[in-house]
Amino acid sequence: MTSPSLTLISTSTLISQGAEAKVYKAHLTADPSDAPILLKHRFRKGYRHPTLDGSITRTRVAGEARALLKCLRSGVNVPGVRMVDASEGILGIEWIDGQSVRKLLPGGAGEDDEEQEEDDQIDLLQEYDISVEILMQLIGQEIAKMHLADVIHGDLTTSNMMLRHPSTFKSCHATLRTELVLIDFGLSYHSSLVEDKAVDLYVLERAFTSTHPDAEPLFASAMQAYEQRMGKEWAAIGRRLDDVRLRGRKRSMVG
Amino acid sequence: MPGRVRETPLKNPDRPYLAIGLEGSANKFGAGVIKHFVDGSTAVLSNVRHTYITPPGEGFQPRFTALHHREWALKIINDCLAEVGVSMHDVDCICYTKGPGMGAPLQSVALVARTLSLLFDKPLVGVNHCVGHIEMGREITGAQNPVVLYVSGGNTQVIAYSRQCYRIFGETLDIAIGNCLDRFARVINLSNDPAPGYNIEQEAKKGKRLLPIPYTTKGMDVSFSGILTSVEGYTFDKRFRADGQPQNPNDEDIITPADLCFSLQETIYAMLVEITERAMAHIGSKEVLIVGGVGSNLRLQEMMGIMAEERGGKVFAMDERYCIDNGIMIAHAGLLSFRMGFDTPLLKSTCTQRFRTDEVHISWRA
């Protein structure tokens with residue numbers, strides 16, 4: 001017999017296949033006007049040994065739900081949790097109507113058509129009524145809030161951040177019509193260590209430089225916002241971040 | 001990235017070009033001759049290699065490896081040229097590995113390259129070893145713009161091309177995967193002939209029991225040193241039987257070397273496939289290319305194939321001739337940059353142990 005959560009998946013529409021999960025749009029009730037939810041199915045990976053796969057999937061689904069709840073309690077903008085089925089590898093979360101941050105930054109949409117792409121970017125920024133500088137600040141602030149709650153994301157990239165669409169989001173902010181939401185907590189964990197927070201930032205820095213080649217100075221402004229929000233905790237993290245940057249292999253050791 | 005292919009800056013050559021490549025960054029000395037034709041096609045004319053093999057339980061040390069290279073260099077270069085039937089006078093440039101790799105072996109090879117360059121008055125081209133692997137992989141498999149998994153004894157990187165640079169998306173935070181395998185082979189006393197990794201692969205086929213080993217992916221990065229310690233730890237477990245045989249008929253709960261090889265392979269390859277998949281999802285590519293010595297492992301290729309299939313993509317892999325370090329890849333990558341007008345003046349013909357893949361300007365790609 002198939003489990004209820006698998007039945008739910010069979011009635012929902014596939015949105016995309018991410019790095020390790022298939023993402024569906026589903027309705028928990030029969031009423032179509034009801035808010036949809038997003039189902040994240042970590043399906044069985046054929047390449048992984050079944051035992052290994054099972055334990056990895058279970059820990060990740062449970063861990064993701066736990067991290068989301070912790071963030072929600074601490075006021076970090078993340079999608080709300082709707083359902084969890086760890087043994088099937090299914091997590092149901094709030095449906096967020098909006099756009100991935102990656103698409104709003106230069107270089108993010110791939111390299112097929114650069115001019116076209118730049119136009120799209122500017123259109124998107126206008127649609128969300130936000131400047132790149134403000135966007136960077138939001139990124140820094142949101143990550144800081146998360147780190148103050150001792151949650152480590154583990155996979156911070158611009159693909160894992162979304163902006164809520166102004167048309168469906170009621171902002172309580174005077175000038176800002178959108179909100180930055182952190183998503184995909186599949187690799188997250190709980191830690192209060194300076195080391196883990198610094199590595200988390202380093203992952204983001206690397207993602208920035210590898211996806212948005214010209215956006216390197218932008219990362220600096222995100223870090224500035226992070227620094228402000230973290231207050232006195234920043235000093236230790238910043239120092240550790242400098243150490244972390246020196247890791248990795250075969251770097252030239254000059255200077 | 002799939003889609004429109006931009007015009008390549010590399011023009012078809014006005015005449016056929018011939019290059020010899022010398023490689024010796026680790027325990028293999030290789031020489032190869034490649035020819036680039038006027039129509040843009042290429043041909044591998046010869047590919048000769050000799051491996052320095054140490055007894056079981058021992059790794060190769062820089063000093064003795066360098067000695068090996070010095071002893072074999074001339075014979076291999078001569079064999080390589082004789083196979084093609086050309087003399088050193090006919091080649092357009094001499095390509096050598098500038099780095100990364102072990103210092104002493106790199107120096108011996110650079111010295112040979114410099115000497116040949118002076119003797120025959122040929123330009124030198126210093127090549128980044130990793131770029132050599134990638135370019136050779138693209139040439140042999142015909143992959144257009146793949147996500148590259150570069151796995152060998154000294155390197156573990158997930159690479160994607162972007163704006164004339166091979167950017168590193170994820171890499172190992174400590175030791176390379178091949179290093180982890182080699183060192184584990186030493187722990188259980190497996191032979192180094194033809195390669196420790198190959199023997200682990202064969203041994204793993206007999207393994208049945210999957211033992212819990214740390215699964216250490218961190219975002220797009222991986223770490224292997226803790227895994228090595230953990231598998232080594234099992235050899236001190238009281239259930240471990242070094243000969244792989246139960247002590248008596250009731251001795252059922254045992255761990256054999258084969259089980260350890262099996263568990264190690266399953267775990268670390270799953271980690272590699274996972275970070276490769278992450279990179280593919282991140283940049284939206286459907287092609288994977290596996291290069292480097294560990295890339296000749298069939299289990300890794302199989303797992304990567306399953307992953308690619310699940311994503312509707314394709315995996316490109318090669319056999320040991322081109323996966324494992326060879327001279328031809330240095331010749332190929334060197335000739336590509338030579339055709340773009342690059343050469344290494346004698347005064348700058350140094351070598352370096354630290355030379356990252358992303359430091360190289362890939363002038364020949366759009």
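Predicted model: local features only at pLDDT ≥ 70, side-chain atom pairs only at ≥ 80, totals over all residues.
**Entry 1: how chain B is divided**

I began with the domains of chain B. I found domain 1 (17-135 + 325-359) and domain 2 (146-322). I looked up the distance between their C-alpha centres, and it is 28 Å. For the contact, I noted 19 residues from domain 1 of chain B and 23 residues from domain 2 of chain B. On the domain 1 side, helix α3 (residues 129-141) of chain B gives the largest share, 4 residues. I also sorted that side of domain 1 of chain B by class: 8 residues are nonpolar, 8 are polar and 3 are charged.

Next I turned to strand β1 (residues 17-23) of chain B. Is this strand enclosed or open? I found that 5 of its 7 residues are buried, so the rest of the structure largely encloses β1(B). To call a residue buried, I needed 20 or more other C-beta atoms within 10 Å of its own.

Then I looked for partners. β1(B) pairs with strand β2 (residues 28-36) of chain B in the antiparallel sense, over 7 bridges. The two strands form a hairpin, and 4 residues lie between them. As an example of one bridge, I wrote down B:A19 with B:I34 in β2(B).

β1(B) also pairs with strand β4 (residues 93-99) of chain B; these two run parallel and are joined by 4 bridges. Here my example is B:L22, whose bridge partner in β4(B) is B:Y96.

A reminder to myself: side chains in a regular strand alternate between the two faces of the sheet.

**Entry 2: an open sheet in chain B**

I traced another sheet, strand by strand. Its 5 strands form an open sheet in the order β8-β7-β6-β11-β12 (chain B), with mixed pairing. Which strands stand at the edges? They are β8 (166-171) and β12 (314-316) of chain B; each has a single partner strand, so one side of each lacks a neighbour in the sheet. On average, neighbouring strands of this sheet are turned by 25° against each other, direction ignored.

Inside the sheet I followed β6(B) and strand β11 (residues 287-291) of chain B, which run parallel and are joined by 4 bridges. In this pair, B:V148 stands opposite B:L289 of β11(B). I then saw that α7(B) packs on the sheet and touches β6, β7, β8 and β11 of chain B. The direction of α7(B) makes about 155° with that of β6(B).

**Entry 3: helix α4 of chain B**

I checked how covered helix α4 (residues 177-187) of chain B is: 8 of its 11 residues are buried. Among them are B:I177, B:L181 and B:F184, and also B:N179 and B:D182. What do the buried residues of α4(B) pack against? My list reads β6 (147-151), β7 (156-161), α5 (196-204), α6 (225-234) and α7 (257-283) of chain B. Just after α4(B), I noticed that B:N189 takes a positive phi of about 60°.

**Entry 4: the nonpolar cores**

I then looked up the largest nonpolar core, which has 111 residues. Its members that touch the most others are B:C95, B:Y96, B:L272, B:V288 and B:I290. α7(B) supplies the largest share of this core, 14 residues. Both domain 1 and domain 2 of chain B give at least three residues to this core.

Beyond residues up to four places away in sequence, B:V288 touches residues including B:P146, B:V147, B:L149, B:M280, B:M304 and B:F316. Apart from this core lies another, of 56 residues, and A:A65, A:C71, A:L204 and A:Y226 are among them.

**Entry 5: chain A**

Last, I turned to chain A, which is divided into domain 1 (4-94) and domain 2 (98-245). Their centres, taken over C-alpha atoms, are 23 Å apart. Where they meet, 14 residues of domain 1 of chain A contact 15 residues of domain 2 of chain A. The domain 1 side has 6 nonpolar, 4 polar and 4 charged residues.

Is A:V61 buried or exposed? A:V61 is buried, because 23 other C-beta atoms lie within 10 Å and the cut-off is 20 or more. Leaving aside neighbours within four places in sequence, A:V61 is in contact with A:R42, A:V84, A:A86, A:G89 and A:L91. I also noted that A:V61 and A:G186 are 125 residues apart in sequence and 6.9 Å apart in space, C-alpha to C-alpha.

Conventions: Residues numbered from 1 in each chain as written. Chains lettered and ligands numbered in written order. Buried ≥ 20, exposed ≤ 12 C-beta atoms within 10 Å, placed from the backbone. Pairing = 2+ DSSP bridges. Contact = placed C-beta atoms within 7 Å. Core = buried A, V, L, I, M, F, W, Y, C linked by C-beta atoms within 7 Å. Domains from an automatic or database assignment. Nonpolar A, V, L, I, M, F, W, Y, C, P; charged D, E, K, R; others polar. Axes fitted to C-alpha atoms, helices over the stretch in contact; angles between N-to-C directions.
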